[in-house]
Each structure stands twice: as structure tokens, then as C-alpha cells.
Amino acid sequence: MIRVEHIHKSFGGVHAINDTSLEIATGSITGLVGANGAGKTTLFNVIAGHYAPDSGRVLLEGEDITGLPPHALFHKGILRTFQIAHEFSTLTVLDNLMVVPKHSGEGIFNAILQPPMVRAREREIKERAEDVLDFLQISHVADELAGNLSGGQKKLLELGRTMMAEPKIVFLDEVGAGVNRTLLRTIGDAILRLNQERGYTFCMIEHDMEFIARLCETVIVMAEGSFLAQGTAEEIQRNEAVIESYLGRGGKRKRH
Amino acid sequence: MMDILNALIILGNYIIIPALTYGSQLALGALGVTLIYGILRFSNFAHTELMAFGTTITIFLTWALQNAGVSIAPLPTALIALPFGILATVTLVLATDHLTFRHYRKVKAKPLTFMIVSIGLMFFIGGLVRLIIGSKDQIFSDGARFIFSARAFKKFTGFDEGLALKTSQGITIIITIIAVTALFAFLNRTRIGTAMRAYSDNENLALLSGINPERVVMITWMLTAVLATLAGVLYGLDKSFKPFIYMQLLLPIFASAIVGGLGSPLGAIAGGYLIAFSEVAITFAYKKFFGYLLPDALAPESLWQILNTEYKFAVSFVILVIVLLIRPQGIFKGKSI
């Protein structure tokens, strides 16, 4: 379980997050919604270690992880993806996945001498990477440079990188943005399977209510930097305060 | 026909072989600069002083070995001392990184700060080198001077012109081929090499993917120290060792790295040879060459030299300016390895 307690974060005079507290249950898929500027991405950045909060705490299973740098959080099983997919553009797709797991071949002597133990681990990681590519149905681009992929494929690759890390909890920042319907379905399927088969916890920022209703048991709504409401997708869509601040009348997604 | 071949032999002897040698030395130097730029993201002005330091240690060990009567003639004794020179340089860079750059990484200083720190280190290591070995010219090559000499070539082939290959030139080219192959195998085939490329490509994402930045930095420094020592010792064997000359090498080495595209190892190699060939070809006197090619009536009377050898460093500078104006990212697109 991740618990966020009384987080404040401001940039200059702007309160991006104002006394927000919330909980994400282990094994759940939680949606985080809210109008643009509601502080969703800032909250992600605070949890994932990009910014230290001005005040407040982030707890992972009761352990205080506030302000730890991203690579330390990585080793605790916390990963995030970005609204605009990030990739190692000059590495192949397969290498993009293979750099993620911890590997004894990183020592200089192991790298030069390549003892059998290291080579066995290398093979094992390669097999896992190939499994991940199969799972995401992008095996055909394994040897392509990641920079040459389409936007949607980059999103899948990003999901693949989180799979290689075998995380506890993954923060997805608008995984569906700029992705066509078919691909969105593939991504949604992958998230559901990862949640059910491997027990990953997901927390996702999304605007597409249909996508959220399909995946998320719990939806948290933020408005103007603080927590507004929490419930199932249905409850949220009926909530007066949420309709007022975010969804608009008729329960349809508000156009920005 | 004979005349054309003689003209080509002149080109080979005075341009191609010397430029290949000098280009290899520049390429090894530029590779170190480009690795540091690609991974640590700053221009390391102390690089040629690292070359001088590695060479200094190697020279002392060579002298000690020569006094002890150790020899691997016809190869130069310095080749035995070389690994220890490398070891000393690796120790030096890891120590200086620990004492200086590490602090600035911690406080996330700007690249400019790192560059200024490297200038400080340049003066420090330069001073250290002069303190140890002095500022005078040192010759430390021994063993056979030629693999084949101009006279032997003439006698063997019957041409009027001779083609010579010095031992130091042969060694430079062979060691460069081995070092570059090994470097590319390391970067492309090992896990840590892939991690280095990933770190260079996208630092933030590398951190998010759990790559340990300190380890990547440490290994980059070690590779740089190896390359710098190789470049320095090979240059010293081929010409001679003089601290001031090594300091001056900073310009052609930076020019090579920038022309090729800072951060691109392939670019550093291409840049090294491009700069070397331009320097040698532009400062060469073509009188004899055209004497063979042109009919006697047109035979040149002047030297036909585009630029006096004194100005050879200007060549790298001019190429640098031209490249920065036309294609600022370099021949190969730079910025990441």
C-alpha cells in the first residue's frame, strides 16, 4: 500500500499540490483523474522521487520513502512511465528491455571475462525480454532502434520496461494519450493481465472515462491541487462535486 | 607509368603512412574526450595532460627496464612498461574524480562548472608531469627503427622513390585497431557497455531503470585513462615526449572529437583521421610529386606547399570552424554514444 500524507508542493507562488492525502491499495488498479492543472502529474513526480515535497510524507508499506531519488525507488519496486513515452532511442528495442534488470555482468571484470555464470544470466534476461515483447505483441521490432518506433509502440515498450523490473507498483501517466483505439485496447489488456497474473499494483492518470471504467476498481479525483473524491467509476460519475469540477453535466468527458 | 607509381609512392611515404599514424593517435585521444562528453557531459580539458601523465610513468618504467637490461627487441621496451603506465593513469583519474568531479555531480552542477574544474585539473596534472620529468624533450623508443626502410624498399622494388614504415608507425596502427575493436566490443556486447550507452542516451530514464550512475562514471573514466595513455605513449614513441607539445595536442584532439560529433565514438575516429590527413596533406610540399606527373616543361619550380609546417595547428582550427558553421553536430550526429 502506498500512502500519501498531507503533501504540499508549490512552484513559485503556485500551489500545485495543497494538502493532499490518499491511499493506493496493494493489488489494485487505481485511476487518478482531474482537470488539467489539478496536480496529478506533480503528485506522480513527488511520489516517484523527481521532486521532494515541501511538506508531507510518502509511505510504502509503512516505510517512509519521501524524497528518495528515482533509482533508489526503482530498487524498492516503484516505477513510473511518462505522458510522452521515454526510450533509449539509440538502443535496440531488445536492449531497451535488457538494461533494466540487475545484472552481474555490470562489473568490469565480469564484462571483460564473461564467465559462464554471467553468460547464463544474460541468456535468462534475454529470454525474459523476448517473453515481454511477445506479451506486448511487438516482437517483430526487437532489433529496431527504439527511436524509430511509432508513438504507440513506444508506449508499449515503456510498459515492457516496467515489466522487466518486476515492480510492486507502477505509475502510468496518461498511457492512453495519443494512442488509437485498437492499441489502447492492447495496452488495457496488458495492464489487466499484469495486474491479475503478476499482481502488479497500478496507479494511472487518465482522461478517458471509458478506459478507466474498464480497468479501475477505484478512482480518485483531484481538483485544484487537493483530493476531491474517491469511489468506483460509477460512483464518481454520479458525484455532484466531481461533475461540477471535472466531468461536466451529462457525465461525459469534459473537452479541454 | 613508372613516373605515376613513383608519384604514388611519394604520397604513400610522406602523406598516407604518417597521416594514418598521426590520425590513429588523434583518434585514440579523441575517443577519450568523446566518451567523457557522452557520459559525463562536459569537455575534459585535462585530457592531453592525462596522456602526458601516462606517458611520463611509462617512460620512467621504460628507463628502469632498460637499465635492468630487459629488452623485447625488435619491439620497443616501452610496450612492457605500457600496462603499468595505464594502471597509474587509471588510479590518477579515479582519485581526481573522487576528489573533484564527484562532489559536483552530487550538487548537480552545470556542465560549465565541470569544464572549469577540468581546466584546473589540466594545470594540476600538467604541473605534476613537469615536476616528475621536467619540461625537456625525452626520447624513449628503442628496438628496431624500421619495419622496412626506404633504402630496402628501393633495393627490393627498383623504384627511384622509397617507402618506409617505422616500427612506431606499425605499432601505432596495430594497437589502434586492437584498442578500437575492443572498445566497440565492450560498448556493444557487454551489459555495462549497454548501460553506458543507455546512460548517455537518456540519463533520467537510465536512473529510472535502476542503472547505477556512479558505476557507469567510474568505468567511463577507466576507459578514458586507458585510451589517453595509449595515445600518449604511441605519440611519444613515434615522435618524442615533450610536455609542451602534448599540451598543444589539445586543439587537434578536440577538433577531431567535435568534427566527428562530440559523444560519437565512430565520429571521433573519423574526425581523427580527417584532421590528420588534412594537416599532413596541406603542409606537404608537392614539388617532387608533380615533378613526376607533369611534363618536364611544366615541372614546378617552387615548393608547391599550401601551408608551412609551422602553421599545421591552424589547419585543425580552420576545419573546426568550417564544421561548426556548416554542420555543428559533427559528421556523425553527436551527443550520445
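Trainee: Which residue in β2(A) is the bridge partner of Phe11(A)?

Mentor: In β2(A), that partner is Val14(A). The model is predicted: local features need pLDDT of at least 70 and side-chain atom pairs pLDDT 80 or more, while totals for chains, interfaces and linings use all residues. Residues are numbered from 1 along each chain as its sequence is written, chains are lettered from A and ligands numbered from 1 in the order written, and side-chain values use heavy atoms, without hydrogens and water.

Trainee: Why do β2 and β5 of chain A stand at the edges?

Mentor: The open, antiparallel sheet has the order β2-β1-β4-β5 in chain A. β2 (14-24) and β5 (63-64) each have a single partner strand, so one side of each lacks a neighbour in the sheet.

Trainee: Which strands does helix α1 of chain A touch?

Mentor: Helix α1 (residues 40-47) touches β1, β2 and β4 (55-60) of chain A, where contact means heavy atoms within 4.5 Å. The direction of α1(A) makes about 115° with that of β1(A); axes are lines fitted to C-alpha atoms, for helices over the stretch in contact, and angles between N-to-C directions run from 0 to 180 degrees.

Trainee: What makes Arg191(B) and Glu122(A) a salt bridge?

Mentor: A side-chain nitrogen of Lys or Arg must lie within 4 Å of a carboxyl oxygen of Asp or Glu. The closest N and O atoms of Arg191(B) and Glu122(A) are 3.1 Å apart, so the pair qualifies. The count between chain A and chain B is three salt bridges, and over all chains it is 23. Arg191(B) lies in helix α7 (residues 191-201) of chain B and Glu122(A) in helix α5 (residues 116-135) of chain A, so the pair joins two chains.

Trainee: How many residues does each chain bring to the contact?

Mentor: Chain A brings 27 residues and chain B brings 23. The area buried between them is about 2,200 Å², with 64% from carbon and sulfur atoms; buried area is the accessible area (1.4 Å probe) that two parts lose on being put together, summed over both.

Conventions
Two strands pair if DSSP finds at least two bridges between them. Helices (H or I, at least four residues) and strands (E, at least two) are DSSP runs, numbered from the N terminus.
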